Amino acid sequence: MKRPVFVFSLCVLVFYSALSLADRFGLFDGPSTRHILFVGNSFTAEHAMPTMVEEKARRNGFNVRVTMVATGGYTLQKHSEDAKLLSTLNRRMWDVVILQEQSQHFTFPREYVAKNSFIYGARLVDLIKAHSPDAKIYWYQTWGYRAGDPDNCLHFAELCTREGMERRISENIGEIAQMTDAQIVDGAAAWAQFESAHPTVNLYADDGKHPSQAGSRVIADAFYKALFQRP
């Protein structure tokens, strides 16, 4: 007598698993759904920042689906060689793709950045455009570490402070954005503006590098404003 109950339960499980997979791959999405892909590392993934963007957009009436490919410590080079990302890029037509380099790489001298970041960033944009020629590309500009970069401070004095790191990041990301005909979402500027208005809120995690939950929320708001043209 228990067999029909087991079969029914199994059917229900299969049904909801199918629904979950269909939702994951966007099979229920309409033609007006805007597909956004975040590509980065822990500075993107921390506190599920892209999900914050998606939730805020949906609350405000936008039909949007956000996907993230982010692995801790990943660089543009690693992403350009990553089978998971390449599969994701070819899975659908993307409307927007956001790219983030490892947080230290854009602080190094231009010669290093040209060989280790620019070349792979351009390669990624080519891969994106090959499958989604109308995709808009954004570069995610991260912030300097709270106490600068002690690992590289002895070699490059400018990196001994947060402000110095942010100057180098700004210069290099500005160049690659111009090279790839892309726009920039300036997370460092968003943080500075928020800190000026709310000086008691800590935007850094305990390591002084990654964002706290409040820090990720500020970045999510910056992306929402940029991607959906909201003041």
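I took contact to mean heavy atoms within 4.5 Å. By that rule, among contacts in the protein between residues at least 6 apart in sequence, I found that 75% join residues at least 24 apart.

I noted that this is a predicted model, in which local features need pLDDT of at least 70 and side-chain atom pairs count only at pLDDT 80 or more, while totals for chains, interfaces and linings use all residues. Residues are numbered from 1 along each chain as its sequence is written, and side-chain values use heavy atoms, with hydrogens and water left out.

**Overall make-up.** I looked up nine helices and five strands, taken as DSSP runs numbered from the N terminus (helices: H or I, at least four residues; strands: E, at least two). Of the 231 residues, 46% are buried (under 20% relative accessible area, with exposed over 50% and partly exposed in between; 1.4 Å probe, protein chains only).

**Helix H7.** Just after H7, Asp181 has a positive phi of about 55°.

**Disulfide.** I counted one disulfide, defined as a pair of cysteine sulfur atoms within 2.5 Å. Cys153 is joined to Cys160, S to S 1.7 Å, and the link is right-handed, with 90° about the S-S bond. Cys160 counts as partly exposed because its relative accessibility is 29%.
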